[in-house]
Structure formats: C-alpha cells, structure tokens
Amino acid sequence: MAVIKIDTTQYDAQLSEKEQRIAAQFQRFGVDKLEVFSSEPINYRQRAEFRVWHDGDDLFHIMFDQQTKDKIRVDSFDPAAPLVGEVMQVMIDNLKSCEILRRKLFQIDYLSTLSGEILVSLLYHKPLDEHWLSEINALKEKLSNKYKIDFIGRARKQKEMLGDDYVTERLNVNGQELIYQQVENSFTQPNAKVNIKMLEWAQDLCKPLKNDLLELYCGNGNFSIALAGSFNKVLATEISKSSVHSAQYNIAQNKVANLDIIRMSSEEFTQAMNGERSFSRLEGIDLNSYNCQTILVDPPRAGMDTLTCDLVANYESIIYISCNPETLERDLDHLTRTHEVKRFAIFDQFPYTHHIESGVFLQKKNI
Ligand SMILES: C[S@@+](CC[C@H](N)C(=O)[O-])C[C@H]1O[C@@H](n2cnc3c(N)ncnc32)[C@H](O)[C@@H]1O
C-alpha cells in the first residue's frame with residue numbers, strides 16, 4: 001500500500017511559518033497583526049486529480065513528485081476529503097476488473113462537497129462507445145445505492161455525462177445555509193471549510209459598510225451571494241462563461257434579489273467604467289444607478305493589471321482576496337498610494353504547501 005500520509009503534528013508549525021513569512025513580507029504596509037485562520041489538519045481538499053497507472057492486472061492512482069518528477073503510487077491520500085478517499089478506493093476496485101472501463105484510462109478527477117455529493121471524471125485516450133456507456137451506467141447504478149455520485153467520461157472531442165456535470169455545495173455561513181453549484185473544470189475554492197471562514201470574515205468586514213458593492217473576478221458568486229445581504233445592491237463581473245452561468249443559477253437558488261452578474265473581463269469592465277467602450281453585454285444595466293463605495297476583488301495568481309488597479313483605487317473601501325502573496329504585494333504598492341491597510345488575514349487553504357490565501361481590507365486615506 002502506498003499511502004500519502006500527513007504528519008498532523010506538524011500542522012501548527014507549518015502554519016506558524018507561513019504567518020511569520022507573510023507578516024515579514026507585508027510589514028512595510030503597516031500590518032502589525034495578522035488574523036490567522038487554520039484548516040483542518042487532514043482531509044481538507046474537496047477536489048483531487050490523479051493520473052492512472054496500469055501495471056499488468058494492477059491499476060492505481062499516481063501523482064508526481066513536484067521536485068524530482070518521480071511518479072508516486074497513491075492508494076490512500078490524507079489531504080482528500082473523506083468522501084473522495086472512500087470513492088478513490090471504490091473506483092480502483094471496480095475499474096480493475098472491467099476491461100472496457102479501464103482500457104486507455106489515463107486520469108481520474110474527483111470533485112466532492114461537504115453536502116455529500118461527488119462527481120468523478122474519467123479521462124481516456126480512446127473514443128467512448130456504447131459498450132463503455134453501458135458499463136459506466138451499470139457502475140453508476142451500483143454505486144448510487146450508497147453515494148450521490150455522477151460520472152463524466154472525456155475523450156478527444158467527446159464528453160459523456162452520466163448525470164450532472166456539477167455538484168451542489170451547501171455551506172453554513174454564520175448560521176445561514178448558502179447553496180452553490182460547482183461545475184467540473186470551473187474555478188471553485190478547494191478547501192470548503194476554509195472557504196466558510198473566508199466568507200464569514202468578509203461578512204464581518206462588510207457589516208458596517210453601506211450602499212452598493214462592486215465585485216470583480218466573482219467566479220460562481222462565492223462572495224457575491226454571501227455578501228449581498230450587507231448592501232443595497234451588488235454588481236459582479238467574471239470572465240468565464242460557465243462560472244457566470246453557475247452564478248446566475250446560484251442567485252436563483254439562494255433567492256438573492258439585489259445581485260447582478262455580468263460576463264466581462266476586469267479589463268473590459270474598466271474600459272466600460274471609463275467610458276472608453278460600450279458593450280452589448282451591459283444592456284439593461286445602468287452603471288450610473290449604482291452607488292458603490294466598496295469593491296471586492298479576488299483575481300487569479302497573476303493579480304490585477306495596472307488599469308484595473310487604477311479603477312479599484314477609486315473606491316472608499318477595498319477588500320482584496322489573493323492566492324498569491326507576490327502579486328498581492330505588487331498591487332498593494334499601487335493601492336497604498338491612496339489607501340491604508342486596516343486588516344490583514346491569512347487563510348490556510350493549502351496546508352503543508354508554500355501557498356497561502358490572504359484577505360486584505362483597505363480604506364481610503366484622509367488626504
Ligand atoms: C481566484 S478565482 C476567484 C473566484 C471567486 N471569487 C471564488 O471565490 O470562487 C479568480 C476568478 O477570476 C476569473 N478571471 C480570470 N481572469 C479574469 C479577468 N481578466 N477578468 C475577470 N475575471 C477573470 C477566473 O475565471 C476565476 O473565476
């Protein structure tokens with residue numbers, strides 16, 4: 001058995017190392033106290049992706065050592081949520097004995113929720129025919145007695161869905177249940193329990209804020225839906241079609257009446273706000289009807305471009321969520337010309353790795 005084991009006795013030390021590193025990196029912005037939000041020390045990832053290795057009759061999950069690139073056999077994976085860990089074993093047991101399902105299978109992706117749903121994607125180097133469909137249907141039927149499980153089969157130019165291509169997460173955020181559709185291959189926060197802590201932190205920040213909220217990089221509406229109750233109106237933008245689609249679905253599911261989502265890149269939205277270009281996608285949205293004093297941004301690892309930073313600096317209050325301290329530091333250099341850092345939090349989304357998620361609250365300086 002090859003088991004990816006976590007030494008949980010190291011958890012506090014690894015988080016404390018991150019805290020010290022981030023505190024030192026951001027000290028020059030006047031950050032003297034970090035708010036620190038820990039993860040579960042084990043079973044914290046709702047998502048996991050593995051390559052599949054075939055060795056005669058044997059079949060197993062593998063991953064690659066980041067440094068040496070050596071392949072590592074994975075029979076059990078401590079970081080994965082309990083449901084993923086259980087279904088990984090079930091999949092290997094069932095695939096091993098089924099030639100049609102295992103032949104040319106090269107990858108398995110798992111996407112699970114705290115609400116108990118799981119979506120398994122099987123990736124192949126062969127077209128998926130009616131024999132494959134019949135076998136995977138039989139497997140889904142067998143496993144559905146015990147699990148809320150759907151499958152996706154993927155091959156070149158082919159996607160076969162056995163059920164939905166999404167899972168529905170239900171998060172308890174400050175006592176309120178929020179419903180989120182999470183689509184296969186779209187961005188979602190991987191550590192659901194830490195995500196709850198981020199949403200609660202942001203709700204706490206927004207309590208005293210007034211008027212309307214503008215949000216850039218909103219994904220499936222993760223923050224927008226949790227924060228809509230604190231503002232009169234919310235306008236949110238996102239570049240990915242499938243995420244915008246999920247966000248619309250999530251607005252309806254959560255019965256949020258004061259939130260509009262539009263599909264636009266932050267660069268395009270900046271052009272629209274500056275009156276440089278008009279967009280048909282903004283039809284029916286009167287930008288002048290919003291009175292936004294607060295902006296929330298949660299950009300990808302690359303951070304924000306300069307023009308978007310300029311736009312963000314126009315707002316009284318800024319909430320900046322970041323998965324990359326390097327680009328956050330660069331963007332804070334820009335934003336602290338006009339704003340002061342008031343709160344700085346770290347969220348251990350990715351335990352035992354170098355990565356850390358940060359949340360920064362800035363307010364305009366009285367000049
Ligand atoms: C770190 S994720 C955050 C998503 C969301 N806030 C959440 O908590 O799930 C960044 C999001 O930015 C989107 N994105 C990437 N580049 C963008 C751009 N230039 N303009 C707007 N959105 C972009 C991605 O599709 C992704 O959904």
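Helices, of at least four residues, and strands, of at least two, are DSSP runs numbered from the N terminus. The model shown in these views is predicted.

**View 1. Residues around the ligand.** The ligand has 19 residues around it, and Tyr217, Gly219, Asn222, Ile239 and Asp298 come nearest. Two elements, helix 6 (222-227) and helix 8 (266-273), each give two or more residues to this shell. By type, the shell residues divide into 7 nonpolar, 9 polar and 3 charged.

**View 2. Positions annotated as a binding site.** An unreviewed UniProt entry places the feature "binding site" at Gln189, Tyr217, Asn222, Glu238 and Asp298.

View 3. Glutamine 189 sits in the loop that lies between strand 12 (176-183) and helix 5 (192-206). A residue is buried if 20 or more other C-beta atoms lie within 10 Å of its own. Glutamine 189 has 26 other C-beta atoms within 10 Å and is therefore buried. When neighbours within four places in sequence are left aside, glutamine 189 is in contact with Asn195, Asn222 and Gln349.

**View 4. Surroundings of aspartate 298.** Aspartate 298 is found in the loop between strand 16 (292-297) and helix 9 (306-312). Aspartate 298 counts as buried because 23 C-beta neighbours lie inside 10 Å. Tyr217, Phe223 and Ile321 are touched by aspartate 298, with residues up to four places away in sequence not counted.

Definitions and conventions. Residues are numbered from 1 along each chain as its sequence is written. This is a predicted model: local features need pLDDT of at least 70, side-chain atom pairs count only at pLDDT 80 or more; totals for chains, interfaces and linings use all residues. A residue is near a molecule or strand if its C-beta atom, placed from the backbone, lies within 6 Å of it. Ala, Val, Leu, Ile, Met, Phe, Trp, Tyr, Cys and Pro count as nonpolar, Asp, Glu, Lys and Arg as charged, and the others, Gly among them, as polar. UniProt positions are given in the numbering used here, feature names are shortened, and annotations may be inferred rather than shown by experiment. A residue is buried if 20 or more other C-beta atoms lie within 10 Å of its own, exposed if 12 or fewer, and partly exposed in between; C-beta atoms are placed from the backbone. Two residues are in contact if their C-beta atoms, placed from the backbone, lie within 7 Å.
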